Amino acid sequence: MDLMVNGQTHSVNAAPDTPLLYVLRNDLQLNAAKFGCGLGQCGSCTVIADGKPVLSCVMPIALFEGRKITTVEGLGTEENPAPIQQAFIEEQAAQCGYCIAGMIMRAQALLAQDNNPSDNAIRSALQSNLCRCGTHMRILKAVRRAANLMQKAAAKGAT
């Protein structure tokens with residue numbers, strides 16, 4: 001089976017019912033998405049498929065053939081982070097870091113649809129991702145900062 005991950009096609013030799021998370025981590029060495037609960041209830045495994053956040057721990061790879069999958073690794077690099085990654089760094093939104101990849105991916109999907117979300121829209125979008133460290137306020141600030149960074153980048157591109 002071929003999977004399009006972070007703009008590259010990968011031939012994967014796994015059973016069609018293998019969870020996407022296992023293929024990302026074990027076969028493609030993309031380790032940002034985490035195994036948390038294994039039941040699709042914590043959100044630490046969130047990736048984006050065709051622009052929408054998905055819980056990769058409960059979704060079999062058979063559902064992803066022909067779809068575009070993006071992981072945190074596909075957003076930016078350490079040298080050139082994407083605006084959402086830069087904002088999370090600047091706001092020090094990660095404490096233990098376990099939930100952050102899922103939070104970033106869900107926030108990225110939101111900002112791709114709404115470049116100026118309200119606090120309620122951000123809370124609603126991130127509601128299914130659990131954080132036990134209590135960095136919720138910094139995560140909200142990071143998403144607002146990312147929206148601002150993306151708006152500034154878009155304005156520069158328009159001029």
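These legends describe a predicted model, from the whole chain down to single residues.

Residues are numbered from 1 along each chain as its sequence is written. Local features need pLDDT of at least 70, side-chain atom pairs count only at pLDDT 80 or more, totals for chains, interfaces and linings use all residues, and side-chain values use heavy atoms, without hydrogens or water.

View 1. Helices (H or I, at least four residues) and strands (E, at least two) are DSSP runs, numbered from the N terminus. Along the sequence the pattern reads β-β-α-β-β-β-α-α-α-α. The radius of gyration is 15 Å, close to the 15 Å of the globule rule for 159 residues, so the chain is as compact as a globular protein of that length. That radius is taken over C-alpha atoms, and the rule is 2.2 Å times the number of residues to the power 0.38. Along the principal axes, the C-alpha atoms fill a box of roughly 45 × 40 × 25 Å.

**View 2. Buried residues make up 40% of the 159 in the chain.** Buried means under 20% relative accessible area, exposed over 50%, and partly exposed in between (1.4 Å probe, protein chains only).

**View 3. The largest nonpolar core holds 28 residues.** Such a core is a set of buried Ala, Val, Leu, Ile, Met, Phe, Trp, Tyr and Cys residues joined through side-chain atoms within 4.5 Å. Ile-84, Phe-88, Met-103, Ile-104, Leu-126, Ile-139 and Val-143 touch the most other members. Helices H2 (83–90), H3 (100–113), H4 (119–126) and H5 (136–158) each give two or more residues to this core. H3 gives the most, with 9 residues. In soluble globular proteins, nonpolar side chains tend to be buried together.

**View 4. Leu-126 touches Met-103, Arg-106, Ala-107, Ile-139 and Val-143.** This list leaves out residues up to four places away in sequence. Contact means heavy atoms within 4.5 Å. Another core, of 18 residues, lies apart from the largest one. Its members include Leu-30, Cys-57, Ile-61 and Ile-69.

**View 5. Ser-44 sits in the loop between helix H1 (20–27) and strand S3 (46–49).** Ser-44 counts as buried because its relative accessibility is 3%. A polar atom of its side chain lies 3.4 Å from the backbone nitrogen of Gly-36. Beyond neighbours within four places in sequence, Ser-44 is in contact with Ala-33, Lys-34, Phe-35, Gly-36, Tyr-98, Cys-99 and Gly-102.

Notes
A polar contact is a pair of N or O atoms within 3.5 Å; within protein, one must be able to donate a hydrogen and the other to accept it, and residues adjacent in sequence count only if both atoms are side-chain atoms.
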